[in-house]
Amino acid sequence: MPDTVYRNAILFDGTGCAPVISDVAVSGGRISAIGPALDVEAETTEVDCTGLWLMPGLLDIHTHLDLELELAPELPEVVRHGTTTVVIGNCSIGVTYGNQRRDGEDPIVDCFARVENMPKPVLARVADSCTWTDSQGYLDHLGTLALGANVVPLVPHSMLRIEVMGLRQSIGRAPTRRERGRMERLLDAAMAQGYAGFSTDALPFHFLANDPHKKRRIPTQYAGYRELKQLTGVVRRYGRVWQATPPKDDIIEAVRTFLLTSGRLFGRPLRTTVLAALDLQTNRMAVGLCLLLSSILNSRLLGGMFRFQVLSAPFRVWSDGAINPLADEIPELRALNECELDDREGRARIMDDPEWIAAFRRMWMQGKSGWSLARLRRLLRQEETVLTRSLGDMIVAECPLPRWNGHSLQAPYDRLRRWQKTHGQHGASDPAEARFFATFPDPVGDDASFIVHLLRQWDTDLRWETTFANRNPAILEKLLFSPQTLPGFNDSGAHLANIGFYDGNLRFLRIAQQADGMNMVASAVHRLTGLPAAFFNLDAGTIKVGAQADLCVIDPLALHAWNPEETYAFTYRAQFGCRQVINRPTGVVRHVMVGGRTVWTENGYAAGFGREACGRVMRARDHPLERAYRQGSARVP
């Protein structure tokens, strides 16, 4: 008889089919029966799902939770949002080969601190715990943790290069043929061990964080085409996934690289998923080019298996002064980011340099006035950078003048100019603002001078937010349901102070609910469960008899009432020892089960959560251990 029965649920099975009213029974960690009015015994736990949606546990295919797993393996923020399976090792960085501390190098800290905006003390704690030395050792280690969700590891290219070449050499020269051969063998070993795929990165603003490497990008970015072709050839042979990011500023190189997905050119399609199809505020053509490229690569002519990832939310980023995940795209801001977070004096020296001020002004004012190609590109939203450079887009979250909070920087800039024009008679909203206005150059001139002065005066005490992409709900909806995309790019577990997308999956369900009722919801559930599970070749994502019992119950009324823009919080998390941006909807996720164990209910985390493993290390479904698990002859650690 079943351990748990979900009663009278509106059941979405993850296949995209229309929902039905049904019970679902769970026994011994698996789904044991599906149908109306299932029999139970006195000791069976019954979960009343009348009026509620029951669906497979959601998948998050782009995370950096490798780090959080070492500090809070239960992944509390993940499971409370209904996500039960996460892919780790993205963007070419991870902990697959341990801490790799050799010859004074500290690769985990060096690679993660700026790329994923993680505090160095947090990263150092993680690195201290990474005592294994190879990919099998990492799987064994994950199997010892009290996992709250299933984890799906990828092999990260930067760490693979470091393992073979060392950090200094991996960013200083091309690998020898022997070194490429060793990378290939290590990757082949990991694929044989069941790793779901391989990740690389080519975004031009991903830099190392430790001296003497702060002006160098992470190791994967120094790999040539021959190296990528050789390594993705291993992934292709195993039918696994290549997760990548594009060389954003070189479309020719992007096309050449992503042609590696082609089955026509290389004999077998390479499953490829890429960051990201975003409706950028500064470049409205970017999203169309992404979809066009994907459709060409997937055409019968090329026979690829290519999907762009889509963020299910407005791409909002919080900045502490000049520090945010996108700042390294701009050389003038990159110079500030090269300083340690607490090095206010170092940033002040840079911002006092007349040459830096002149360079910043040129960057900030480019295309804002006069007639030039840059001006035309700005007017047409065809700029090359992601940074908006518009005060109206910069919303103050925290600063020494609390009355500024919640308002754009355009408003105080306009008040300052009025205050200066009237010689202090009008403009300032209160005496404190007037005193601050008195510190500015008079006249302040343009908004570049305004921003420079704010950064010099307040540094990281100025916290502001900007929505860089996905402002148009109609375009976002089109992207999320496009056959050329997969929902993803939540970056959960990274950018602790700057991005809060644990809720991305729930946002997509809400978008579908508001779009066209149950049919769209069924499609969205499929795109968050069965579809990514099939793409990553995982035994997950559907509700069927015999499947692992990873389940999520959603309250559709609470989902409809939820306004995601009103539930952000900047909260201290003891596991990290620092504050983190989070977004926790109330009452939306009513019940979550992982591996047949309840981990979350509307009343909070289940008793025992975090002490015993509920999730497991999930290998590619064709791996022998996964086959044995499906047959019930083994529990995969």
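The residues lining the second largest cavity divide into four nonpolar, five polar and one charged. Here Ala, Val, Leu, Ile, Met, Phe, Trp, Tyr, Cys and Pro count as nonpolar, Asp, Glu, Lys and Arg as charged, and the others, Gly among them, as polar. Everything below comes from a predicted model, in which local features need pLDDT of at least 70 and side-chain atom pairs count only at pLDDT 80 or more, while totals for chains, interfaces and linings use all residues. Residues are numbered from 1 along each chain as its sequence is written, and side-chain values use heavy atoms, with hydrogens and water left out.

**Cavities**

- On a 1 Å grid over the protein atoms alone, a cavity is a set of points where a 1.4 Å probe fits but cannot get out, and lining residues have an atom within 4 Å of a point.
- Grid points are joined across faces, edges and corners, and a volume is the space filled by probe spheres set on the points.
- Counting cavities of 30 Å³ or more gives two.
- The second largest cavity holds about 30 Å³ of space, and its lining consists of Asn490, Asp491, Ser492, Gly493, Ala494, Ile499, Gly500, Phe501, Tyr502 and Gln580.
- The largest cavity holds about 130 Å³.
- Among the 14 residues that line the largest cavity, Leu333, Trp364, Met394, Ile451 and Trp464 lie nearest its centre.
- Two or more residues of that lining come from each of α15 (354-365) and α19 (447-458); helices (H or I, at least four residues) and strands (E, at least two) are DSSP runs, numbered from the N terminus.
- By residue type, the lining of the largest cavity has 10 nonpolar, three polar and one charged.

**Pockets**

- A pocket, unlike a cavity, is an open set of points with protein on both sides within 12 Å along at least five of seven lines.
- The largest pocket has about 990 Å³ of space.
- Of the 44 residues lining the largest pocket, Pro246, Lys248, Ala276, Leu280 and Ala286 lie nearest its centre.
- Helices α10 (251-258) and α12 each give at least two residues to this lining, and α12 has the largest share, with eight residues.
- The lining of the largest pocket divides into 29 nonpolar, seven polar and eight charged residues.
- The second largest pocket has about 620 Å³ of space, and the closest to its centre among its 26 lining residues are Asn117, Met118, Pro119, Ile323 and Leu341.
- At least two lining residues of the second largest pocket come from each of α3 (107-115), α4 (120-129), α13 (331-337) and β19 (578-583).
- That lining divides into 12 nonpolar, four polar and 10 charged residues.

**The parallel sheet**

- Strands of a sheet pair through backbone hydrogen bonds, either parallel or antiparallel.
- In this model, eight strands form an open sheet with parallel pairing, in the order β6-β7-β8-β9-β10-β11-β12-β16; two strands pair if DSSP finds at least two bridges between them.
- Strands β6 (58-60) and β16 (485-487) are at the edges with a single partner strand each, so one side of each has no neighbour in the sheet.
- On average, neighbouring strands of this sheet are turned by 25° against each other, direction ignored.
- Strand β12 (residues 305-310) runs parallel to β16 and is joined to it by three bridges, and Phe308 has Thr485 in β16 as its bridge partner.
- Helix α12 (residues 285-297) lies across β12 and β16, at about 160° to β12; axes are lines fitted to C-alpha atoms, for helices over the stretch in contact, and angles run from 0 to 180 degrees between N-to-C directions.

**Strand β8 and Val155**

- Seven of the seven residues of β8 are buried, so the strand is largely enclosed by the rest of the structure; buried means under 20% relative accessible area, exposed over 50%, and partly exposed in between (1.4 Å probe, protein chains only).
- Asn150, Val152, Leu154 and Pro156 point one way from β8, and Val151, Pro153 and Val155 point the other way.
- Strand β7 (residues 83-88) pairs with β8 in the parallel sense over four bridges, with Val86 opposite Val151.
- Three bridges join β8 to strand β9 (residues 197-199), also parallel, and Pro156 has Ser199 in β9 as its bridge partner.
- Val155 sits in β8 (residues 150-156) and has a relative accessible area of 0%.
- Beyond its neighbours within four places in sequence, Val155 is in contact with residues including Tyr97, Leu187 and Phe198, where contact means heavy atoms within 4.5 Å.
- Val155 and Thr96 are 59 residues apart in sequence, yet 6.7 Å apart in space, C-alpha to C-alpha.
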